[in-house]
Amino acid sequence: MNLTRWSARLPGTQRRNAVPAARGKAGDPAADAASAEAATAAKPGDATPAADTAAGRDAGAASAAADTGARPAAARACGAVTDDPSVTGVLSRLPALIAVTHGPAHRVAFVNDAYTEVFGARTTGGQARDALPELDELGLLPLMDQVHRSGKPRTVKARKVVGGDDHSPAKPGYFTFTCTPVRSADPDPERRGVLIFAADVTDQVHSAERLRESERRLHETAVTLQRSLLPQELEQPDDLRVAATYQPGGTDAAVGGDWYDVITLGAGRTAVVIGDVMGRGVRAAAVMGQLRTAVRAYARLDLPPHEVIQLLDGLASEIDATQIATCVYAVHDPSEGRLSYAIAGHPPILIRDPDGTVRKADEPTGPPLGTGGWIHSSGSAALGPGCTAVLYTDGLIERRGEDIDVGVDALTAALSGATGAPQVICDRLTRALGVTSEHDDDVAVLVLQHPDRTGGEAELFRNASLELLGGIEAAPRARAFASGVLASWRFPVELRDLGVLAASELVANSLKHGTPPMRLRLRRTDRRLIIEVTDGDDHLPRRRRAEPGDEAGRGISIIATVASSWGSRRTPGGGKAVWCEFALPD
């Protein structure tokens with residue numbers, strides 16, 4: 001609040017550039033009043049010495065001058081309040097709330113009109129505790145005691161005024177109170193006093209509240225946008241238990257670039273991905289959304305992890321050459337009990353074995369997406385029954401002033417003792433790493449768990465395989481093997497017949513178009529039957545329309561007709577795998 005602009009309207013006062021001259025006129029009450037305004041007009045501060053604010057510096061200078069024997073004009077004006085009617089008139093007309101007390105008991109010497117307008121009529125002569133009860137309610141009396149004893153001004157910010165006396169209810173609002181010592185150098189405690197100056201800051205407080213509310217809504221909108229770009233519900237594979245958590249960073253309205261996804265590929269295999277677009281804001285969110293969509297499209301091609309990362313690298317450069325993203329793409333094959341992965345500048349995957357040992361899956365790795373010029377490669381790690389894998393973004397482990405390896409070690413220690421369901425592990429890891437709503441970076445955590453099933457549950461997850469040597473006897477052997485396995489798994493006759501037909505067609509297709517080694521694999525879960533044939537040739541089959549006179553070309557069409565889904569992929573050894581699935585009856 002700037003009181004100098006009011007002085008232009010008061011009799012005998014000048015504008016700010018004339019104040020120093022006015023202060024030099026000793027004994028001029030108007031000049032003294034102007035000096036009092038300049039000394040007490042302060043920007044509100046906390047309940048700390050007002051020397052930190054402009055008002056505190058003025059008041060501190062006044063106290064220092066008094067201590068050296070040069071009595072400041074403000075002190076003279078306050079001390080002469082009850083003696084000089086002209087000063088009383090000036091202070092009474094000021095729009096700021098002013099009250100003056102003297103002595104250790106804070107007897108009231110003066111209260112101006114603005115004060116009584118807010119708090120009601122007040123009498124002088126009595127102690128402030130009784131005559132000005134609002135000061136006690138606002139917690140100012142202890143502050144006044146400090147000012148009287150120390151001779152140093154104090155300020156408290158934005159105290160809420162909610163009510164006055166029965167005759168004149170207080171005008172509701174917020175006021176900042178500054179308590180300034182009067183005659184601080186006087187050895188007689190009764191002659192020393194305190195000037196209470198209150199500035200109305202209601203408009204500023206309401207503006208700040210509106211600003212905070214606006215920022216809160218913007219932040220909620222940003223978080224909603226961020227979450228809408230993430231999967232609303234994770235796909236739940238047959239062989240894995242999956243959970244994820246996302247914690248937006250900070251309280252600002254900027255959208256982060258952390259993302260994750262789970263994609264079922266068929267034949268029991270599952271792809272998982274987690275990434276982090278550097279920076280915050282709409283641009284980072286836009287890049288994140290496009291990369292996530294692209295990953296789902298590339299995953300449907302059932303490519304090896306490093307080829308997916310290679311495609312994402314080129315796409316990131318095309319989307320925005322100024323944005324860099326880190327990423328991990330991994331594929332879990334339950335039949336082999338392994339996790340194949342490729343890393344582009346991202347923190348390593350951590351895998352917890354059943355005995356609590358934690359391993360890092362961090363080799364090989366490459367630079368972040370969007371840098372270009374790098375040939376990525378895939379790695380592989382065991383992820384069998386009882387194992388848990390954790391993928392995460394750097395917000396979980398990175399702290400200012402610490403090496404990132406310190407965070408990885410802390411996460412490793414937390415994971416070694418984390419047990420339970422995937423969602424429980426997510427919560428435990430974020431708590432252990434100190435992630436709260438005030439965390440300054442986005443955090444995403446994705447947990448995969450390959451359960452170690454026993455008892456009746458284990459009967460619902462079975463594998464069987466047969467090596468095919470080729471020749472005319474391969475197809476009959478495959479049919480006999482499939483029929484026996486499906487019968488032992490107690491499938492209905494109709495499903496057993498469809499499974500034998502699919503196995504026969506897949507084997508026949510491999511015998512005609514593939515090369516050894518060949519293998520037939522059957523797998524069942526609690527929800528589906530999977531039949532897969534692998535061979536050494538990497539040419540993938542295509543479904544095509546067979547003409548009436550064609551002797552071949554109908555095998556894949558038959559499989560696509562009888563099965564729930566089918567697909568093919570290239571295997572790491574240079575061959576291919578062709579598979580189909582049947583949904584089990586409820």
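Helix α12 covers residues 282–300, 19 residues in total. At 1.5 Å a residue, α12 should span 27 Å. Its end C-alpha atoms lie 28 Å apart, which agrees with that expectation. The model behind these values is predicted.

Which residues of α12 are buried? They are Ala-284, Ala-285, Val-287, Met-288, Gly-289, Leu-291, Arg-292, Ala-294, Val-295, Tyr-298 and Ala-299. Buried here means under 20% relative accessible area. After α12 comes Asp-302, with a positive phi near 55°.

Now to strand β22, residues 576–583. Seven of its eight residues are buried, so the rest of the structure largely encloses β22.

| Strand paired with β22 | Residues | Sense | Bridges | Example of bridge partners |
|---|---|---|---|---|
| β20 | 528–535 | antiparallel | eight bridges | Ile-531 and Cys-580 |
| β21 | 565–570 | antiparallel | six bridges | Arg-569 and Ala-577 |

In these pairs, Cys-580 is the β22 residue that partners Ile-531. Ala-577 is the β22 residue that partners Arg-569.

How many residues lie between β21 and β22 in their hairpin? There are five. Gly-574 sits in that turn, and its phi is positive, about 105°.

In a regular strand, side chains alternate between the two faces of the sheet.

Notes. Residues numbered from 1 in each chain as written. Predicted model: local features only at pLDDT ≥ 70, side-chain atom pairs only at ≥ 80, totals over all residues. Heavy atoms only, no water. Helix = DSSP H or I, 4+ residues; strand = E, 2+ residues; numbered from the N terminus. Expected span 1.5 Å × (residues − 1). Buried < 20%, exposed > 50% of the residue type's maximum accessible area, 1.4 Å probe, protein only. Pairing = 2+ DSSP bridges.
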